[in-house]
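Hi,

Here's the structure I promised to pass on. Have a look at it first, then read my notes below with it open beside you.

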Amino acid sequence: MKSNVLVCVVGARPNFMKMAPIIKALKAVGQPIVPYLVHTGQHYDQAMKDTFFQQLGIPEPDRDLGVGSGSHAVQTANTMLRFEPVLDEVSPFAVLVVGDVNSTIACGLVSVKKSIPLIHVEAGLRSFDRDMPEEINRVLTDQISDLLFTTERGALHNLEREGIDEGRVCFVGNVMIDTLLANCQQAVTPDLTLATYGSSLAIKEEGYALLTLHRPSNVDDPDTLVRLIKTVGEISKRLPVIFPVHPRTQQKIAHAGLLDEFSTERVSLLPPVSYLEMLGLMRAARVVLTDSGGLQEETTALGVPCVTLRENTERPITVTDGTNTIVGTDAEKIKACVHEILDSGGKRGRIPEYW
């Protein structure tokens with residue numbers, strides 16, 4: 001008898017938002033597809049993982065591999081070693097992976113080596129920057145996938161250029177936006193989030209900017225990190241900044257002795273926040289400064305101006321159709337873009353097709 005089990009893989013925080021609506025839709029269909037959820041444990045903060053599963057309505061994983069943190073090689077290898085026995089036990093008809101994290105390529109490789117069809121959700125996105133680990137994961141996962149679901153029409157051109165047949169590609173839109181729209185009414189207000197974490201920042205009529213930083217290219221290079229932090233400090237003189245700090249970024253900022261650059265009256269440093277807290281902060285912000293790909297998409301869906309602190313993006317539709325502007329890490333360009341947004345209201349944008 002042919003299996004009706006579809007193994008669905010999540011590994012890190014961005015995966016949760018993409019998988020939630022997929023699992024919901026599969027369960028609504030019922031037979032003949034039975035989703036089997038595997039959490040690799042690549043996202044090593046247990047409390048944050050639990051919060052995300054609860055808030056997004058994702059059922060507890062059928063299997064948690066507990067891989068944890070490590071170098072790219074260690075994390076990828078451990079994921080492969082722990083994932084293979086799951087496939088032997090479950091015997092799925094296919095494996096579905098989302099996004100571009102290490103778990104995506106690791107589980108994808110194991111699947112195809114065992115002749116199990118691979119499905120990739122969010123295929124075809126390209127930054128054309130091979131220094132980004134995620135770019136390598138994206139390219140390789142697409143090459144070995146049997147069925148590729150894309151978030152924007154332009155992704156098909158990238159895939160065809162890499163020799164992937166159009167017949168394997170299906171344009172479906174952005175499932176992460178399904179999650180965003182489904183949770184807008186439950187979003188936590190910024191005032192409540194600040195109070196929860198003991199922040200003294202008071203949100204006034206002027207509003208605030210929301211900042212996130214986590215890319216190695218931004219936080220691992222001391223010169224770049226110093227430049228960005230000093231620029232944020234200058235921006236905060238005009239507009240208060242709320243900054244949920246990634247643990248690794250926190251370590252780099254402290255090591256560089258940059259904590260004194262922040263005025264506690266104008267910049268609020270928060271620990272990593274939950275999905276509903278971040279959604280509330282993002283939705284009410286006058287501008288979002290980020291190096292996150294996911295936030296570029298979410299701000300476009302919400303109509304909030306976004307300033308991307310990178311030299312490129314794998315999500316160009318957020319620039320051509322949405323509210324996103326790529327400025328890199330040049331201090332003057334960042335400040336000029338933020339001031340223009342504050343003076344004019346920024347790019348209005350429109351909601352991309354199927355979002």
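Before we start, one term: two strands count as paired if DSSP finds at least two bridges between them. With that in hand, look at Leu96, whose bridge partner in strand 5 is Ile119. Keep in mind too that this is a predicted model.

**The sheet**

Strand 4 and strand 5 pair in the parallel sense, over four bridges. On the other pairing, strand 1 (residues 5-10) is also parallel to strand 4 (residues 94-98), and four bridges join them. You can find Val7 standing opposite Val95 there.

Zoom out and you'll see an open sheet of seven strands, paired in parallel, in the order 3-2-1-4-5-6-7. Which strands sit at the edges? They are strand 3 (63-64) and strand 7 (169-171), and each of these pairs on one side only.

Now stay with strand 4 for a moment. Is it enclosed or open? Five of its five residues are buried, so strand 4 is largely enclosed by the rest of the structure. In a regular strand, side chains alternate between the two faces of the sheet. Here, Ala94, Leu96 and Val98 are on one side, Val95 and Val97 are on the other, and all of them are buried, so to speak of either face of strand 4 is to speak of a covered one.

Next, find helix 1 (residues 13-29). It lies across strand 1, strand 2 (34-39), strand 4 and strand 5 (118-123), and runs at about 160° to strand 1.

Helix 1 also packs against another helix. Two packed helices are described by the angle between their axes and the distance between the axes. For helix 1 and helix 7 (residues 175-183), the angle is about 85° and the axes are 7 Å apart. That makes helix 1 roughly perpendicular to helix 7. If you want to see who touches whom, Met17, Lys18, Ala20, Pro21 and Ile22 in helix 1 meet Val175, Met176, Asp178 and Thr179 in helix 7. Sorted by class, that contact has six nonpolar, one polar and two charged residues.

**Just before strand 1**

Asn4 lies in the segment before strand 1, and it's partly exposed, with a relative accessible area of 27%. Which residues does Asn4 touch, leaving aside its neighbours within four places in sequence? The contacts are Gln31, Pro32, Ile33, Val34 and Phe93. Gln31 is 27 residues away from Asn4 along the chain, and their C-alpha atoms are separated by 7.9 Å.

**The cysteines**

How many disulfides does the structure hold? A disulfide needs the two sulfur atoms within 2.5 Å. Cys337 is likewise in no disulfide, with the sulfur of Cys306 as its nearest cysteine sulfur. As for accessibility, Cys306 counts as buried at 0%, and Cys337 counts as buried at 11%.

Happy browsing!

Definitions and conventions. Residues are numbered from 1 along each chain as its sequence is written. This is a predicted model: local features need pLDDT of at least 70, side-chain atom pairs count only at pLDDT 80 or more; totals for chains, interfaces and linings use all residues. Side-chain values use heavy atoms; hydrogens and water are left out. Buried means under 20% relative accessible area, exposed over 50%, partly exposed in between (1.4 Å probe, protein chains only). Helices (H or I, at least four residues) and strands (E, at least two) are DSSP runs, numbered from the N terminus. Contact means heavy atoms within 4.5 Å. Axes are lines fitted to C-alpha atoms, for helices over the stretch in contact, and angles run from 0 to 180 degrees between N-to-C directions. Angles under 35 degrees count as roughly parallel, over 145 as roughly antiparallel, 65 to 115 as roughly perpendicular and the rest as oblique. Ala, Val, Leu, Ile, Met, Phe, Trp, Tyr, Cys and Pro count as nonpolar, Asp, Glu, Lys and Arg as charged, and the others, Gly among them, as polar.
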